[in-house]
Amino acid sequence: MPDLKAGCLPAHPFDDDRFREECGVIGIHGVDQAAAAVALGLHALQHRGQEAAGIVSFDGAEFHVHRAMGHVAGNFDNAGVMETLTGRSAIGHNRYATTGASALRNVQPLFAELADGGFAVAHNGNLTNAMALRRELTRRGSIFQSTSDTEVIIHLVATSSQPSRLDRVIDALKEVEGAWSLVCLTPEGLIAARDPLGFRPLVLGSLGAGHVVASETVALDVMGARFVREVAPGELLLIGAAGIRSLSPFPNRRPRPCIFEFVYFSRPDSIADGLSIYEVRKRIGAELAREAPVAADMVVPVPDSGTPAAIGFAQAAGIPFELGIIRSHYVGRTFIQPGDNIRHLGVKLKHNANRALIAGKRLVLIDDSVVRGTTSVKIVHMLREAGASQVHLRVASPPTTHSCFYGVDTPVRSKLLAANMDEAHMRDFIGVDSLAFISIDGLYRALEEPGRATRCPTHCDACFTGDYPTRLTDQEHGTADLYNLIAAQ
Ligand code: SF4
């Protein structure tokens, strides 16, 4: 099977051994200086995409657009830029590149002047039939400006024969498959929608008399907005002068939100499905301690993402939690580019062993996931060099055996360690004394859900099971190859 992400380069030279969430979105309506509030929200969602950021605002007459490569701070902590983004409604987007090459033309929100006015869209997720639709739209005369799958939505809206703009948006979204949590800005107001399976999160909040939609609750917190509720899978909200209108125009499906949001993607201080992400991660650690106990002197997280699970493991196992690895927060991607000859030192720049603490000690090392395994090898080597007498790796997710096609940047399947080795071989490859992953049912228990063995799965867990909950049209039809050709342009 050709892999959709095969043409993508790692966005960060030290982070190509992680699944990376692709995007964060935010939309605000009915708030003075809406773009400033969107910029604050994008700051809080920076972990969901660090390659580029953009904001589109609407002042009642005109749309204003600013999109740039780089972090939110660099793009929007500039009074000159913010003064141009006037109006009481705005949408914003943080991005990693997965579909579409890493270029300014792909930075979202995408904006187009359609026959009946401006239309901007910011999308979190990945459309699994984007290339098939693109091929058909191009055949009918559409001219694409970007290589992003999201642009398909704009062309579908533009070419829909439905009478109203809202109907045209609904018509377009009925055509697309896969994952889409999105916000659209139109002259009539804000449209927010979540695909029927609810792969990616989307929450609704209120800010004074205005309304906010965002990928995670942390974006509401930072601007002082009040959490109202989640946008339900399959729900579409029209937020305008008349308030909020909720529609359910899409076929009813059993929701399958991404389980990896709980393991790694979402910020630990966010709330999703009524659950604290931080508490879920602690419960994952506790489950792991019960499933794979080990005699050790201390529990050490791979910071920062392994920390909550390590706390849960330590508490359940009665083993002291210690910061045996210290992370530098000041290693930026601009410091070393992938081609630099000291790139191999990347792990040491980012993580350093707390030598005085761990020398002679038996460690339980907790990481959120093992993807390629290359970072694990380097970290374990670093701990042994620093004098650890034993290193036992416990992983807070099941073995990652499949790629994601729903908006997460993943290596090709052939590069996934667990797709190529059994646990014993992975243990030897990484160089640990013992290795264990949480079971898929243990992960569901941490979410307070019945496991796969007792009930149909309540989440997407395809990267652990291969059970993809939608069609993968571009993969099935070979049109995913088209992406690689386009991305190379
Ligand atoms: Fe999440 Fe994995 Fe499903 Fe992708 S395949 S949506 S990362 S659970």
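Where does Ile366 lie? Ile366 is in strand E20 (helices, H or I with at least four residues, and strands, E with at least two, are DSSP runs numbered from the N terminus).

## Ground rules

Heads up: this is a predicted model, where local features need pLDDT of at least 70 and side-chain atom pairs count only at pLDDT 80 or more, while totals for chains, interfaces and linings use all residues. Residues are numbered from 1 along each chain as its sequence is written, and side-chain values use heavy atoms, with hydrogens and water left out.

Val183 is another one to click on, in strand E8 (residues 181–186). Val183 comes out at 0% relative accessibility, so it counts as buried. The C-alpha atoms of Val183 and His123 are separated by 6.7 Å, and these two residues are 60 residues apart along the chain.

## Around the ligand

Which residues surround the ligand? The list runs Arg200, Cys258, Ile259, Phe260, Phe265, Cys404, Tyr406, Val408, Cys460, Asp461, Ala462 and Cys463 (a residue gets in if one of its heavy atoms lies within 4 Å). Helix H8 (260–265) and helix H17 (462–465) are the elements that give two or more residues to this shell.

By residue type, the shell has 10 nonpolar residues, no polar ones and 2 charged ones. For that count, Ala, Val, Leu, Ile, Met, Phe, Trp, Tyr, Cys and Pro are nonpolar, Asp, Glu, Lys and Arg are charged, and the others, Gly among them, are polar.

## The largest nonpolar core

How many residues does the largest nonpolar core have? There are 46, and those with the most contacts inside it are Phe19, Phe260, Ile284, Val299, Phe313 and Tyr406 (a core is a set of buried Ala, Val, Leu, Ile, Met, Phe, Trp, Tyr and Cys residues joined through side-chain atoms within 4.5 Å). Phe260 and Tyr406 also turn up in the ligand list.

Elements giving two or more residues to this core are H8, helix H9 (277–291), helix H10 (307–317), strand E20 (362–367), helix H16 (440–446) and H17. H9 gives the most, with 5 residues. Domain 1 (23–256) and domain 2 (272–465) both contribute residues, so the core lies between them (the bounds come from an automatic or database domain assignment).

Check your omegas here. The peptide bond from Gln108 to Pro109 is cis, with omega near 0°, and Pro109 is in the loop between strand E5 (89–95) and strand E6 (110–114). There's also a cis peptide bond from Pro303 to Asp304, with omega near -5°; Asp304 is in the loop between strand E17 (298–301) and H10.

Then the positive phi values. Gln33, which isn't a glycine, has phi near 50° and is in the loop between strand E2 (23–29) and helix H1 (34–44). Gln33 counts as exposed, at 64% relative accessibility. Glu448, not a glycine either, has a positive phi of about 60° and is in the loop between H16 and H17. Glu448 is exposed, with a relative accessible area of 55%, and its C-alpha is 9.5 Å from that of Leu275, 173 residues apart in sequence.

Last stop is Ala242, in the loop between strand E13 (236–240) and strand E14 (243–247). At 84% relative accessibility, Ala242 is classed as exposed. Ala242 and Gly189 are 53 residues apart in sequence, and 9.7 Å apart in space from C-alpha to C-alpha.

Terms used: Buried means under 20% relative accessible area, exposed over 50%, partly exposed in between (1.4 Å probe, protein chains only).
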